[in-house]
Amino acid sequence: MRIKNKKYFIPAIIVIAGGLAVGTARLLEVPPFEQVGTIDASDICEGLGSSDSRVQALKNVLPEQTEYSFGSLYSEARIDQSDSSYTSRCSVRGEGSVLLYTNAELMRDEPVDSWASSTIADRQADYPGDFDDFAAGKGGVVSSHKAAILLPCVSAGRIPGGEYSISVSVTLNQQSENSVTTAKEALKDLVLSTAEFVHKDARCDLPSRLPESL
């Protein structure tokens, strides 16, 4: 009987020691148990808006990284109602790479179909059939890698050339392991929040036609 017990004694010690080693590694954050970076509302660049859903949307769509950083670039702001120049950009970086970025640019108004075709052209070839329409502004499109809205902004007569709109987009370069549905909902939340900020920041006089729930 003693001989049989000895057969299991050493493996049992190995199992216990292995469990302790794993637990210690987690506590000390030794790879592969590195700590995932946090995203706080106060860190998010202004260009991504102020909706309550921003933090969770970013967590749902971004890949896990040890740290995240946000950067804003406002190359041109509208000075008055006759100014035809406006751009707003924001980027999210993780471990040296751009994970996600936003872009908003004032442009002469054009039909939604032609705008959508040109806006999604950079992703359509890689992800054919991935885009869905949604109601926001003059029109919105969303995929698991990009979301965009054509936002009404300046009424005809204020700037030479007729009515002006803002093309607002959020593009994902690296995706999390969440589902396509989750990614689409997250990107739609982010582009809606961005559009809400941009409409005010660009001093638009036309109604935004964004959902009232924002």
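The model is predicted.

**Stop 1: the disulfides**

How many disulfides does the structure hold? There are two. A disulfide is a covalent bond between the sulfur atoms of two cysteines. Counting bonded cysteines along the chain, the pattern is 1-2, 3-4.

**Stop 2: cysteine 45 and cysteine 90**

Select cysteine 45 and cysteine 90. They form a disulfide, with sulfur atoms 1.6 Å apart. This pair links distant parts of the chain, 45 residues apart. Cysteine 45 sits in the loop between helix 1 (2-28) and helix 2 (54-61). Cysteine 90 belongs to strand 2 (residues 87-94). Both cysteine 45 and cysteine 90 are buried.

**Stop 3: cysteine 153 and cysteine 204**

Now select cysteine 153 and cysteine 204. A disulfide joins them, S to S 2.1 Å. Cysteine 153 is in strand 6 (residues 146-154) and cysteine 204 is in the segment after helix 5, so the bond ties together parts 51 residues apart in sequence. Look along the S-S bond of cysteine 153 and cysteine 204: its torsion is about -90°, so this disulfide is left-handed.

Are these cysteines buried or exposed? Cysteine 153 is buried, at 0% relative accessibility. Cysteine 204 has a relative accessible area of 15%. Buried means under 20%, so cysteine 204 counts as buried too.

**Stop 4**

Move to arginine 203, in the segment after helix 5 (180-201). Its phi is near 55°, a positive value in a residue other than glycine. Arginine 203 is partly exposed, at 42% relative accessibility.

End at arginine 209, which also lies in the segment after helix 5. Phi of arginine 209 is positive, near 60°. With a relative accessible area of 52%, arginine 209 is exposed.

Terms used: Residues are numbered from 1 along each chain as its sequence is written. This is a predicted model: local features need pLDDT of at least 70, side-chain atom pairs count only at pLDDT 80 or more; totals for chains, interfaces and linings use all residues. Side-chain values use heavy atoms; hydrogens and water are left out. Helices (H or I, at least four residues) and strands (E, at least two) are DSSP runs, numbered from the N terminus. Buried means under 20% relative accessible area, exposed over 50%, partly exposed in between (1.4 Å probe, protein chains only). A disulfide is a pair of cysteine sulfur atoms within 2.5 Å.
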